[in-house]
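User: Please take a close look at one ligand site in this structure. What surrounds the ligand, and what touches it?

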Amino acid sequence: MTKLFQKKEFGIGLIVILLALILSVVNPVFFTAENILDVLKANSVLGILAVGMTLIIITGGIDVSVAAVTAAVTVVIGKLAVAMHGNSWSILAIFIVAPLVGACFGFVNGILIAKTKIPPIVTSLGTMSILSGITLYVTNGEYMNSSMLPASFIQFSNFKIAGVSILIIIFLLTVLITWFVMKYLAIGRSILSFGGNPVSAMRVGINLTKVQIFVYTYMGFLAGIAAIVQTAYTKGVDPNGFAGFELTVIAAVVLGGANILGGSGSMLGSFLGVLLLGIMQNGLILAKINTFWQEIIVGAIILLAVSYDMIKRKREERSLAKVEVEG
Amino acid sequence: MKLSKEWMLGLIFLGLFIIMAVCVPGFIDPYNLTSMLYQLPELGILSLGMMVVILTAGIDLSITYLAALSGVVMAYALTAGLPVPVAMIAGIIAALIGGLLNGFFVAFIGVSPILVTLGTMTLFKGIILLITKGNSVSGFPDSYSFIGNGDILGIPFPIIVFAVIALLAWYLLNKTVWGRSVYMAGNNPIATLFSGVNTKKVIMYVYLFSALMAAIAAIIMTSRYNSAKVDLGSSYQLQSIAVAVLGGTSISGGYGKVIGVIFGTAIFQVLSSGLNLLGVPGMVINILIGVVLIAVLLINFFTAKYKHNQLKKAT
Amino acid sequence: MSQTLLEIKDMSKTFPGVKALNQVQLEVRPGEVHALIGENGAGKSTLIKILAGVEQPDAGSTFLFEGKPANITKPIDATLKGISIIYQDLSLFPNLSVAENICAGREAEKGGFNFVKWREMRRIAKETLQGLGFDIDVNVTLEKLSIAKQQLVAIARAIAFDAKLIIMDEPTSSLSAGEVELLYNVIADLKSKGIAILFVSHKMEELFKVSDRFTVLRDGKFVGTYGKEELNEEKLIQLMVGRKLESMEREEHSRGEQLLNVSGLSKKGNFKNISFTLHKGEIVAMTGLVGSGRTELAHALFGLQSVDSGSIVLDGQPVQMTSTVKAVKHGIAYVPESRQKEGLVLQQSIVRNTSLTILKSLTNSLGSIQEKRELELAKEYIESLDIRPNLPFIDTGNMSGGNQQKVVIAKWLATNPKILIVDEPTNGIDIGAKREIHKLLRKLAREGMAILVISSDLSEVLAVSDRILVMRKGTIAGELSHQEASQEKIMNLALLGTHIHEAAKPNEIKQGVVM
Amino acid sequence: GCGAAKTDNAGSTEPSSKGNETTASGKLKIAVVPKLIGIPYFNASEKGAKKAGEDLGVEVIYTGPTQADAAQQVKVIEDLISKKVDVIAVAPNDPAALTPVLKKAKAQGIKVMDWDTKADQSVVDLSIQQVDDEVYGRHMADLLVKAMGKEEGNVAIVTGGLSAQNLNTWIDWSTKQIQEKYPNLKIIGEKIGTDEKQQIAYQKTLDLLKANPDLNGILAYSTVAPLGAAQAIQEKGLQDKVSLIGVALPTDSKPFLEDGSLDTATLWNPMNLGYLTVAAAKELAEGKAITNGQDIPNIGKVEVKEDGKTIILGPPADFTKENAGDYDF
Ligand SMILES: Nc1ncnc2c1ncn2[C@@H]1O[C@H](COP(=O)(O)OP(=O)(O)OP(=O)(O)O)[C@@H](O)[C@H]1O
Ligand SMILES: Nc1ncnc2c1ncn2[C@@H]1O[C@H](COP(=O)(O)OP(=O)(O)OP(=O)(O)O)[C@@H](O)[C@H]1O
Ligand SMILES: [Mg+2]
Ligand SMILES: [Mg+2]
């Protein structure tokens, strides 16, 4: 039990639970399976991106181009669907091409960051500007609606396993697989080592360049998956649909307790961070909070959560007995 | 010859300017030149605020909403018939309160700046929405419009404001105890604290400074646009970071110069005006700005590497 | 097994602007402890980095390991060949478990997508720790361990995987006598197993205690390799420095009136019931084991940390040290433990670092800093403390450790303090610079400053202090005057808290540390 | 200074003889500035504007900011003034914010007009409106009642951006219509902003439906919000229970119209709007005026208000599942 309290994710978990309790009192609809599944489904894209961003933040990096990459891949999906219209292989093509294209974009970020040592935030700011410019230039912002998507893709997006949407399952699988990678694969431990102490990591033979390229490529890969999920979720493609979304992704990850300076971050934490943001969005409407108050409440909760986390961390640090005082 | 990265940037600016002057009809037209001088101060002033925050290894995502908040307060004061100076003070105070909030969370609670300003950004946006219901506030006295649209002896007034602010920022950063402490704390906050400097106060003032810059930019914007609204200047959020970084400010803190930011702003302006005149679509301008940002940083990287190798050969 | 394990011939390494190594020779035999010595900047760490595969030597260098060309191009090559390193900064991962720290890098060798064998990892870690007699939970996150235990983890990591050569770069610089003793035991054990040790240190005494042979570097050049029997301390110093060092003679002087009176100072988890006085013109040394709470106490005196109870009386006035600003105002100066992290802004010049403590007094009526006066101030200290290079605008990050420390002292002398607290003032500083700093401290005391020296280096404590306070587990275990003090007496107080007049046995020492 | 003097000269010159470029190409330069570029609605207008340019022999420059930010829009106009165009027609993000720069343009002898959304009427020479705001707002309320088949129940409002001027105007008129004509219809809560994103509209409508199980109708403003709202209704299978009326393009809304989740999309033809804007701009530059009921080629009869400068494209078109397939925008 005490172990539970000591867990880094305890704080955010507590906030999520409290919020959920309050909401289910305010509106019983909140705690229905239907609503919870809706929340999970609506935040699958956020969740998948947050998983990738967690790894990047563990290495002390940041990627503000995620939203642009995801948007670009949704457009690629759309174009592909139109180009292969009617072809029953098109869904397969989408599943292969989208993650690949995403990974390529991520790879470019990774190469630039790892090789030129330009700070990640600056590099990704540049690639974001370039990529979103290209996306808009190519599409002129045109939407594509469900009639342009292959029927098999629509079937896929409506697919459920035991009442749970395939999109949620993809999201949860992403979390699980990434958790496994971080816990049981050498690359995962290398990422954590890199974040904990890059100099030592280099000294014990971890190839820092490879680790950095990996995390950004993986982010891109997940952005590709997220793009599929987004396309399935909206059953359409909106090149403008992700403007400003990168900040939400970052917010979810750091709310989940990842340290923006690197070294710490967990799948469970980020999952809870996503949940917190999702529940807030959902709950504010369910609780019928005045529209104009909603942003204020979201802002205030973010500030409270991060301050609480910080104060807790400081207290823990202080309580780590530095000196074993006698008596 | 040794060329600092700021003057390298100056050369890049000059090069761009010449290219534009030659290739873009109407670019060196006096009207266009003055027009650019009217346009760039807002971004320049916001970028100065952003630069100072970045000097302490922070970042201020809330800066544009702080500006909008300040602008909305000014706009209400003006439409309520308060005299212009009173309205401006009200706007500045509103911004400073916001800055105080940022500073409090960063300096005293110790939350990382990107998180704090992510939260306050949403908060400020919410507050503006709540008080304006999303509508724009407009209808200011004619005298107010001078600040953003007037000129003195043909020199646009906003650029005069920018010049004064840039000088002030330069003075504060390079000559005063606070400015020195900003650089020192930016490089090593612990050693600075251990030297008997009240680093919390220094950081607090950094956020107040960026809030002040937001307020001044808001004064120019509300005057130039004759109105205030929740998303006023929102596109400057990432632009001001890009300008500061383009201007040579180190994102990890401790290094950055006012002159660099000025060149950075000027490059942005020349690029966007020149390409607009050429009829290049806005998205392509965004692409090129991204390319320039990365290119300049790559140039910095490769020149540093080149110098390194030269030095090694010499040894 | 060949007679030489490691053979280096004509090794050079060039950094931009610096020839860090110039035709260096080194030969290490199995089962020997080989000391690598030289002044700060002589090239010791550079040589180690090459052995570790972190840096590559210039072309033309010969690097043989076990008689074959070593071909170490990246750190993992060195590890696989059986070369492991205990870095001066420990180089551990605070966010990972002890087991992972001990096995760090082992997964990397297998490539990114191999599985991590947690059970195996824990087993290896546990066995290694047990083999060394260290009692540490392998599942705990490293950052939760005390610094002393972290040091033990670093040692365990170095020997976990059948190392043939273990390199120790100033392994004792952050250890106090107890752990040092423990380390000596480990070294003896390793030697008996035929493992070679390359040992870097600035502490003369310990060099003679552990080493069999010495290789001396000076300014990146090879001076020579000598057997222990060929050398004595004086000769060694001469080889290192290239000239004879005058030995430090203490000029005794009488202490002045009482300046500081600390009584009953307590802070939960840090220190308890601390009482002592400090007089003008005296140097009080505070020693004890790492983690005995000395630094925390200094922080409390300097306003960096709050206290729960107790009083600080300065010049007869009770004061509350709530901030560093206040401490400086009261005339307290603090030269911190880590000059790189806490002492200096490495990216900035000597000028800017020296003026940082007194910026306000350098401003004119307009509030602008008078750069001329600032420069004069820096020049003054560069001259009076003989800071090298005497370039006021050089970034302090480019200076040697000893000179960096002088800059830190300079910035505090600028405030004209009444009390100077120095925490581990000569950590990692070569013998020449160390003597200079000791001389400087003595001189300041003679001029009337009250000085509190926190140090784990007993020879330093004995050399500079008038009185010695020994701390143990957050309390003052006892006080010794300069005349009565000896290493043994200090160790007894530090380990057992008693004034016993015979030396503690090694296994008692071991327990005192690990428990 | 000399810059100012030149400015004054330019202001007093006739547009036709101004600037070398105009005379060089001989064509009128008409700048059409949307709120932002790269969204379907304004892309459709662009097509119409460009077509009018070809038909009428004028050069059409269609350019705007990439974000719906007034500051960016002003910059675009500043650069258009530098470019010495003959007419600037703008769809303001924030009408008041454009007043100073439009005045500047006028001082340079450029004719200014607005389209799509009203600018400061004291500055513009001409105002092209797709519909009359009041008529349109009230029309949407009527459509909803028709779709619901009753004059009582609960209605919610979903909108694109909370700060979009024209959307807010329509919402206000719809609200007024409901209050005046259908007193038993209850508007629940405040309008809900969806950031001009389909996904958010979808999400928030889902939440809205759950929070208000007794909801009968939704009014969705902006061309994105109705799509998201329709998707939510479709997913929850509430096509028959909740009626949805939205501002949307027929091609985008076709799938939803077909399955009944969106009852009626109502909009004008944005291509025609672009076309009319350019046509009117040309008349304006040539010193002519469009009169009430005048037949504009390719568009048809337009209405001119009493003020003589507000031109209305015509009544909005209602798109239903029957006719949505007939349009290509
Ligand atoms: N990466 C580097 N770039 C440039 N110069 C370097 C670099 N690393 C070391 N040097 C220089 O090489 C020389 C040798 O440094 P090294 O760290 O090997 O000395 P050292 O003998 O370990 O000193 P210390 O006792 O202080 O640890 C010094 O002049 C140092 O400044
Ligand atoms: N090199 C270091 N790296 C990390 N932490 C350190 C280091 N040195 C000291 N510490 C911190 O200081 C604590 C040791 O306690 P403290 O410094 O009060 O004891 P001390 O008696 O002053 O020992 P020291 O010999 O280190 O000065 C450790 O638990 C650790 O938190
Ligand atoms: Mg060294
Ligand atoms: Mg200490």
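Analyst: Start with a term: a helix here is a DSSP run, H or I, of at least four residues, and helices are numbered from the N terminus. Keep in mind that this is a predicted model.

Now to ligand 2. Its shell holds 13 residues. The closest are S292(C), R294(C), T295(C), E296(C) and E337(C). Where does the largest share of the shell come from? It comes from helix α10 of chain C, residues 294-301, which supplies three residues.

Residues from chains A and C surround ligand 2, so the site is shared between chains.

What kinds of residue make up the shell? By class, five are charged, five are polar and three are nonpolar.

Next, the polar contacts, which are pairs of N or O atoms within 3.5 Å. T295(C) places a polar side-chain atom 2.6 Å from an oxygen atom of ligand 2. S456(C) also uses its side chain: a polar atom there lies 3.4 Å from an oxygen atom of the ligand. G293(C) uses its backbone instead, with a polar atom 3.3 Å from an oxygen atom of ligand 2.

How much of ligand 2 does the protein bury? Taken alone, the ligand exposes 600 Å², and the protein buries 73% of that.

Finally, a word on chain A, one of the two chains at this site. Chain A has 15 helices and two strands. Its radius of gyration is 21 Å, close to the 20 Å that the globule rule gives for 327 residues, so chain A is as compact as a globular protein of that length. Of those 327 residues, 63% count as buried.

Terms used. Residues numbered from 1 in each chain as written. Chains lettered and ligands numbered in written order. Predicted model: local features only at pLDDT ≥ 70, side-chain atom pairs only at ≥ 80, totals over all residues. Heavy atoms only, no water. Near = heavy atom within 4 Å. Polar contact = N/O pair within 3.5 Å; in protein donor to acceptor, adjacent residues only side chain to side chain. Areas by Shrake-Rupley, 256 points an atom, 1.4 Å probe, with all protein chains shown as cover. Nonpolar A, V, L, I, M, F, W, Y, C, P; charged D, E, K, R; others polar. Rg over C-alpha atoms; globule rule 2.2 N^0.38 Å. Buried < 20%, exposed > 50% of the residue type's maximum accessible area, 1.4 Å probe, protein only.
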